[in-house]
Amino acid sequence: MEIKKQTAVATPEVNKEIQAINNFCDSALDILIGTKKRDALYNKIQAQVDRGIFRIPVGMSVQRIAHAIEMSRIYEGKSIILDALNSDKKLTEIQQIAFEVHIDGIGKRGEKLQKRMAEKQTLTSQSKFNKAT
């Protein structure tokens, strides 16, 4: 599977950080939903970008959006990013901004969303990561 590269110019430090986040997202999604579903999600996101439904925010990637979508699906169940994934209509500029803010609010590794959800309820200490090889 080939993922299109972002066209924004970034410093080597930023590129290293983005690559580290992408590697984390790849691994996390592989554990959470498996390689085939992960790749299908990447393809669906890229198709939405290609159709002009939404844009990949500067400094983010398909992998980060996919991870945010999966975190949102698990913890929230409904959000603008889940709606955008399944939409046939292009996001307005205000919706695009909300889309970007929502992804940022989830965190690079899902930490912000997990913290918000942990404050709302008692979470189990067991996860798929505990059982992963």
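Select helix α3 (residues 62-75) and helix α5 (residues 93-106): their axes come within 10 Å and cross at roughly 75°. Axes here are lines fitted to C-alpha atoms, for helices over the stretch in contact, and angles run from 0 to 180 degrees between N-to-C directions. α3 and α5 are therefore roughly perpendicular to each other, a term for angles of 65 to 115 degrees. Helices are DSSP runs of H or I with at least four residues, numbered from the N terminus.

The model on the screen is predicted: local features need pLDDT of at least 70, side-chain atom pairs count only at pLDDT 80 or more, and totals for chains, interfaces and linings use all residues. Residues are numbered from 1 along each chain as its sequence is written, and side-chain values use heavy atoms, with hydrogens and water left out.

Next, show the side chains where the two helices meet. On the α3 side, select R64, I65, A68, M71 and S72; on the α5 side, select F99, H102, I103, D104 and I106. Contact means heavy atoms within 4.5 Å. By class, this contact of α3 with α5 has six nonpolar, two polar and two charged residues. Nonpolar covers Ala, Val, Leu, Ile, Met, Phe, Trp, Tyr, Cys and Pro; charged covers Asp, Glu, Lys and Arg; the others, Gly among them, are polar.

Buried means under 20% relative accessible area, with a 1.4 Å probe and protein chains only. The buried residues run from V62, Q63 and R64 through I65, A66, H67, A68 and I69 to E70, M71 and S72. After α3, select G77, whose phi is positive, near 85°.

D104, G105 and I106 of α5 meet E111, K112, L113 and R116 of α6. The residues of this contact divide into two nonpolar, one polar and four charged.

Finally, display the whole protein. It has seven helices and zero strands, and buried residues make up 35% of its 133 residues.

How values were computed: Buried means under 20% relative accessible area, exposed over 50%, partly exposed in between (1.4 Å probe, protein chains only). The expected span of a helix is 1.5 Å times one less than its number of residues. Angles under 35 degrees count as roughly parallel, over 145 as roughly antiparallel, 65 to 115 as roughly perpendicular and the rest as oblique.
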